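The following note is intended for a colleague who is new to this structure.

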Amino acid sequence: MSSRRSYKAAEKLSIVKYAESHGDREASCHFSINEANVQLWRKNKEALQIMPRKKKANRGLRPSFPELKKTVMGWVVDKRQQVSVRRRTTIAQHIPDDQEEKLLEFQKFVIKLRKKHNYDFSQIGNADQTPLTFDMPYNRTVDLKGKKTVSIRTTGHEKSHFTVMLACTADGGKLPPYIVFKRKTLPKLQFPKGVHIRVHAMGWGHRPGGVSKPPSMLVLDSFRCHQIPFIQNKMRQIKSDLVIIPGGMTRILQPLDVSVNKPMKEALRRKWNEWLSGSNHIYCRCPYASTNSLGGCRMGTFDVE
């Protein structure tokens with residue numbers, strides 16, 4: 001008994017043509033196939049002629065609306081000329097549908113609060129935490145064409161995080177950065193002056209950064225740690241106002257998100273790659289160049305600031 005095999009549409013048509021000249025039984029013996037298959041293919045000759053020549057089966061349900069399918073396929077082909085696979089440039093929340101209403105309400109509230117307390121622009125600050133890693137390699141590199149595995153050199157700490165809080169004032173001033181390391185004890189390292197270094201078991205602290213001199217107005221996003229009672233009580237103690245940006249509106253209303261965080265990270269990544277490309281490295285027992293523990297971030301974060 002011959003083994004089962006599948007036939008392409010072109011092969012089926014050639015068998016049908018032979019059967020039309022010599023008969024179904026002769027075609028069955030000549031091609032060593034079941035006579036029932038020959039009869040079925042002759043019955044479906046028109047469908048086989050429409051099929052692609054290399055297609056072996058005509059499985060699946062037929063479309064209920066063939067004309068609609070042609071229209072949709074034409075639309076997809078047309079749109080494919082206008083789109084392409086893109087690499088993401090940012091990860092942002094969905095902007096709410098009532099963004100214009102929330103934007104006006106937020107602006108009115110800030111203006112009213114400033115007039116009420118007669119805040120100077122230097123007394124209005126915005127602060128934002130952003131996560132950073134000790135290793136910041138580029139996602140692209142130069143390698144041989146067709147190579148399946150492309151490696152990028154690191155120190156092995158690309159998943160070790162710390163938190164940086166940056167702050168600025170409405171008059172364009174920059175406040176000292178506030179850095180939180182995820183650990184329990186403060187590292188015994190010589191950090192530059194003008195930089196606040198803290199440690200926390202969770203990797204972020206409960207201190208309201210960004211207040212230059214009370215009384216002040218501090219604008220923060222709607223992150224849950226900004227709205228806890230500790231922060232609210234701390235702001236009352238220093239006689240300052242806390243303003244929370246509505247959820248989903250940080251990419252529009254937060255200056256640090258709009259114009260500061262991304263350039264800072266790009267500059268830090270550039271400095272990290274310059275350091276890694278150099279030869280002044282310290283090696284630990286593992287086969288990786290050491291980042292000098294927490295001190296490794298000094299050569300980037302503080303210089304960028």
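1. The largest nonpolar core has 15 residues, of which Leu132, Phe162, Val164, Leu166, Ile179, Phe181 and Ile197 touch the most other members. Such a core is a set of buried Ala, Val, Leu, Ile, Met, Phe, Trp, Tyr and Cys residues joined through side-chain atoms within 4.5 Å; buried means under 20% relative accessible area, exposed over 50%, and partly exposed in between, with a 1.4 Å probe and protein chains only. Two or more residues of this core come from each of β2, β3 and α10 (261-277), and β2 gives the largest share, four residues. A second, separate core of twelve residues includes Val16, Tyr18, Ala27 and Met51.

2. The model is predicted: local features need pLDDT of at least 70 and side-chain atom pairs count only at pLDDT 80 or more, while totals for chains, interfaces and linings use all residues. Residues are numbered from 1 along each chain as its sequence is written, and side-chain values use heavy atoms, leaving out hydrogens and water.

3. Strand β2 (residues 161-169) is mostly covered, with eight of its nine residues buried. Helices (H or I, at least four residues) and strands (E, at least two) are DSSP runs, numbered from the N terminus. Strand β2 runs antiparallel to β1 (residues 124-133), joined by nine bridges, and antiparallel to β3 (residues 178-182), joined by four bridges; strands pair if DSSP finds at least two bridges between them. Thr133 stands opposite His161 in β2, and Phe162 has Phe181 in β3 as its bridge partner.

4. Six aromatic pairs are found in the whole structure. Rings of Phe, Tyr and Trp (its six-membered ring) pair if their centres lie within 6.5 Å; planes under 30 degrees apart count as stacked, over 60 as edge-to-face and the rest as tilted. Tyr18 and Phe31 form an edge-to-face pair, 5.4 Å centre to centre with 90° between the planes. This pair links helix α1 (residues 9-22), which holds Tyr18, to helix α2 (residues 24-31), which holds Phe31.

5. Which kind of pair do the rings of Phe162 and Phe181 form? The pair is tilted, because the centres are 5.6 Å apart and the planes stand at 45°. Both Phe162 and Phe181 are buried, and one aromatic cluster is formed by Phe134, Phe162, Phe181 and Phe191.

6. Val76 lies in helix α5 (residues 66-80) and counts as partly exposed because its relative accessibility is 32%.
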